[in-house]
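Biologist: Hey, could you walk me through this one? I'm new to reading structures.

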Amino acid sequence: MEYNHRKIEKKWQKYWAGNKTYKCEIDHNKPKYYVLDMFPYPSGAGLHVGHPLGYIASDIYSRYKRLKGFNVLHPMGFDAYGLPAEQYAIQTGTHPSVTTEKNIQRYREQLDKIGFSYDWSREVRTSDPFYYKWTQWTFIQLFKHWYSNRTNKAEPIEELINEFKTNGNTGVDAASDPVDQFSAEKWNLWSEKEQQQILMNYRLAYLANTWVNWCPALGTVLANDEVVNGISERGGYPVERKQMKQWSLRITAYAQRLLDGLDKIDWFESLKEMQRYWIGRSEGGAVYFRIKGFEDKLEVFTTRPDTLWGATFMVLAPEHEIVEKITTADSKEEVMKYVEWAKNRSEVDRMSEVKQITGKFTGAFGINPVNGKEIQIWIADYVLAGYGTGAIMAVPGHDSRDFAFARHFKIPIIQVVVKEGEESTDTSTWDDSYDSKEGKMINSGMINGLEVQQAIKTTIKFLEENNLGFGQVNFRLRDAIFSRQRYWGEPFPIYYKDEMPYPLDESELPLELPEVDKYLPTESGEPPLARAKNWKTKEGYPLETNTMPGFAGSSGYYLRYMDPWNKDEYFSKEANEYWRDIDLYLGGDEHATGHLIYSRFWNMFLYDLGLVCKEEPFKKLINQGKIQGRSSFVYHVQKSFYAEKKLNEAFQEDEFFKNFKSSFLGDFQYGFFSEKYKLVIQLKHWVHFPKFATILQLYGVHRKPVK
C-alpha cells in the first residue's frame with residue numbers, strides 16, 4: 001500500500017495541534033527531561049538545511065524520552081533581533097517588527113510541515129516586550145551588583161556603598177577596574193556624581209571608554225566574531241578600531257568559575273578546549289618598568305618573570321594611552337602614522353599575522369627593574385590594547401615572535417635559560433628562539449643556576465619585596481561589550497542625571513522601543529533612538545539611546561521557556577526547581593566563544609542571586625556538525641563587495657587590473673573560476689596581483705598588458 005505522506009502528515013499534524021499533544025506541564029509523578037535546540041534568527045530566506053539537521057535529531061530523542069515515561073519539555077522560539085531586518089528597514093522604511101513577523105510566520109510554517117514535536121504554547125520571541133522585560137530586568141540586577149573575590153560571588157552594590165561609608169575601599173577585594181585607595185572620610189565628602197563614578201569601576205554592568213570595532217556604513221559597533229578580515233560579516237563593509245563609551249558586562253569576574261565549570265558538564269572535549277583557550281588562564285607576575293625621563297610606570301604581565309634578565313626591549317599596543325606622551329619629537333610623525341594604520345586592523349588579523357613584521361621605535365626607554373638597564377620601547381600591532389595591560393616585556397632569546405621582531409630590527413638577543421647538559425651558544429647563529437620551559441638560569445644575576453620553576457617563584461618574591469611587581473593570575477577573556485548603535489534591539493532601562501547613568505524603577509519595565517522617523521543614526525552621529533520624540537523619563541531625564549546586542553536576548557531564553565507566561569517573575573521558583581537545567585542541548589560549535597560563554601555567565605549570575613538552582617545551564621551539549629559542499633562551476637558576486645564587483649567587471653572586459661587599487665577597501669578574498677582553463681583563483685591581498693598576472697599570461701587569458 002502506497003504511503004500518501006501529504007495526506008497522512010496533514011491529518012496527524014492537524015490532530016497534534018488541535019489536541020495539544022506536545023504541550024507539557026509540571027508533573028511531579030514523572031521524571032523531567034528538557035531538550036533544547038538553539039533557536040533560529042528568522043531571516044527572510046527561511047529555514048536553511050542546517051536547521052533541520054539538528055532539529056530532527058533532537059526531535060527523535062524527545063519522542064524517545066516520552067515513550068520511556070519522561071515528562072519532556074521541548075520548546076521552540078525565535079532569536080528575533082538582528083541586523084538584516086534593520087538594514088531592510090533602512091532601505092525600505094518598513095518597521096523591523098513587520099519584517100520579523102512575516103519571517104517568523106514563514107519559519108513556523110516550514111517547521112510545522114516537518115512535523116516537529118515542539119510545545120508551541122511556550123514560544124518566546126526576543127523582540128516581544130513581554131519577553132525582553134526580563135532581559136532588561138537582568139541588566140538592572142547586573143548594574144546593581146559587584147563581584148566580591150572574598151565570597152566569590154555577586155553581591156548587592158548597597159553593601160559596597162555601606163563599606164565605603166564606614167571604611168573606604170582599603171579592605172575591599174573586588175573584581176574591578178583599578179581604583180586608588182580612599183578613606184571613608186573622603187567617600188563621604190564626595191558629591192553624588194563623584195561617588196557614582198567610583199561605583200562604575202565595580203558594577204557588573206558598567207559604562208566605560210572601550211576600544212571597539214566600529215563600522216561606519218552600518219553605523220554600529222560589531223563584536224569580534226562579526227568582523228572577518230577587517231570587514232563586517234554582514235554586508236562586507238570596512239571596519240575600523242575606535243574608542244567609544246560603551247556598556248560592558250564584567251564577565252571577567254567569572255573567568256575562573258567559567259573555567260572550573262567545564263569539568264562539571266558533559267560536552268565534547270573539543271568544545272571545552274575552545275572555551276578554555278578563549279578564557280585563557282595563565283599564572284605569572286605583574287612587573288613595573290619605569291620610563292626614562294618620566295614619572296609614569298608601565299605595568300606588564302608575564303608568565304615568565306624569571307626571564308626578566310633576558311628582556312632587551314618592550315612593546316606597547318599602538319593604541320596604548322601613553323604612546324603619544326613618551327614618543328620623542330623626531331619619531332612622532334612615523335609613530336603616529338603607524339598607530340593610525342594598526343588600530344584599524346582586526347584583532348584576529350593582528351594576532352595571526354606571522355609573515356609580515358612591523359613596528360616603530362618610540363625613541364623612549366624603559367628601565368629593567370631587576371638590573372637597571374635601559375631597553376627600547378617599541379610599538380607593534382601584535383600587542384593588543386585590550387589584552388592584559390597592552391604592554392609586554394620582550395625576551396627574544398626565548399619567545400619566537402619576540403625573536404623574529406628582534407632579528408628584523410637588529411635588537412640584542414640574550415640567552416638566559418639552558419637545558420641540563422647543554423652549553424649556552426652565540427644567539428647570532430640561532431634560527432629561532434630557544435625552548436625555555438625547562439632548564440637552568442644563566443646570565444640572570446641572583447637566580448643563576450636555579451631551575452626554571454624555582455626561579456619563577458624566587459623572582460616574584462623579589463619583585464614583591466621591593467615593590468617592583470607581584471604574583472598574578474591573568475585571563476585572556478575580556479569583558480563583553482554590551483552596546484550597539486542600532487534601532488532593532490532591546491532598549492536599555494537606563495536614564496541619565498548629571499551625565500551619570502541610573503536604572504529605571506522595575507515597575508516601569510518593559511521600556512519599549514519608540515517610533516522613529518528613520519532607522520539611521522542622527523545627523524550628529526547619535527544612535528537611531530535619539531531620533532525618538534520625548535525619549536525621556538516622566539521626570540524629564542534623557543534615556544539611553546544605545547540598544548543591547550543580539551546575544552542579550554539569547555543569554556537566558558532557556559529559563560523563560562520554563563515559565564513563559566509569568567507576568568510577575570522571570571520564572572517561578574517551582575518551575576526552575578522542577579525543570580532545573582537543560583538535559584540535552586543541540587547546536588553548532590560556532591557558538592562556543594559567543595552564546596555558550598555568555599549564557600553560562602548569565603546563569604552563574606542568577607545562581608548567585610539565588611534565582612536558579614543550578615550553576616551550569618547546559619548539562620549535556622551536542623554539536624550536530626555542518627553540512628558542507630561547494631559549487632564548483634558557479635561564481636557568485638556579492639554586490640555589496642564593490643571591489644570584487646569591479647574586479648569581476650574588469651575580468652569580463654579583459655581589463656583585469658584597471659583602476660583596481662583605488663577600489664580596494666580591505667583584506668577581501670576573491671574567488672574566480674575559469675571553466676575554459678579549469679583555473680580556480682583566490683586573492684587575499686593586492687600585493688599578490690603581479691604574481692597572479694604572470695600566471696594569467698602564462699595561461700593566455702589576457703591579450704592586453706596588465707595595468
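Biologist: How many helices and strands are in the protein chain?

Modeller: The protein chain has 21 helices and 26 strands. Those are DSSP runs numbered from the N terminus, with at least four residues of H or I for a helix and at least two of E for a strand. Keep in mind that this is a predicted model, where local features need pLDDT of at least 70 and side-chain atom pairs count only at pLDDT 80 or more, while totals for chains, interfaces and linings use all residues. Residues are numbered from 1 along each chain as its sequence is written, and side-chain values use heavy atoms, leaving out hydrogens and water.

Biologist: What percentage of the residues count as buried?

Modeller: Of the 707 residues in the protein chain, 51% do. Buried means under 20% relative accessible area, exposed over 50%, and partly exposed in between (1.4 Å probe, protein chains only).

Biologist: Which residues touch the most other members of the largest nonpolar core?

Modeller: Tyr254 and Phe482, in a core of 99 residues. A nonpolar core is a set of buried Ala, Val, Leu, Ile, Met, Phe, Trp, Tyr and Cys residues joined through side-chain atoms within 4.5 Å.

Biologist: And what does Phe482 touch?

Modeller: Not counting residues up to four places away in sequence, Phe482 touches several residues, including Phe139, Trp247, Met548 and Trp602. Contact here means heavy atoms within 4.5 Å. There's also a second, separate core of 51 residues, with Val335 and Ile379 among them.

Biologist: New topic: at what angle do H5 and H19 cross?

Modeller: The axes of H5 (residues 129-143) and H19 (residues 595-608) cross at roughly 65° and come within 11 Å. Axes are lines fitted to C-alpha atoms, for helices over the stretch in contact, and angles run from 0 to 180 degrees between N-to-C directions. H5 and H19 are therefore roughly perpendicular, a label for 65 to 115 degrees.

Biologist: Which residues meet there?

Modeller: On the H5 side, Thr135, Trp137, Thr138, Gln141 and Leu142; on the H19 side, Phe601, Trp602, Phe605 and Leu606.

Biologist: Last one: where is Asp583?

Modeller: Asp583 is in the loop between helix H18 (573-579) and strand E23 (584-586).

Biologist: Is Asp583 buried or exposed?

Modeller: Asp583 counts as buried because its relative accessibility is 8%.

Biologist: What's Asp583 in contact with?

Modeller: Leaving aside neighbours within four places in sequence, Asp583 contacts Lys32, Tyr33, Tyr34, Lys619 and Lys620. Asp583 and Tyr34 are 549 residues apart along the chain, yet 5.2 Å separates their C-alpha atoms.

Key:
Angles under 35 degrees count as roughly parallel, over 145 as roughly antiparallel, 65 to 115 as roughly perpendicular and the rest as oblique.
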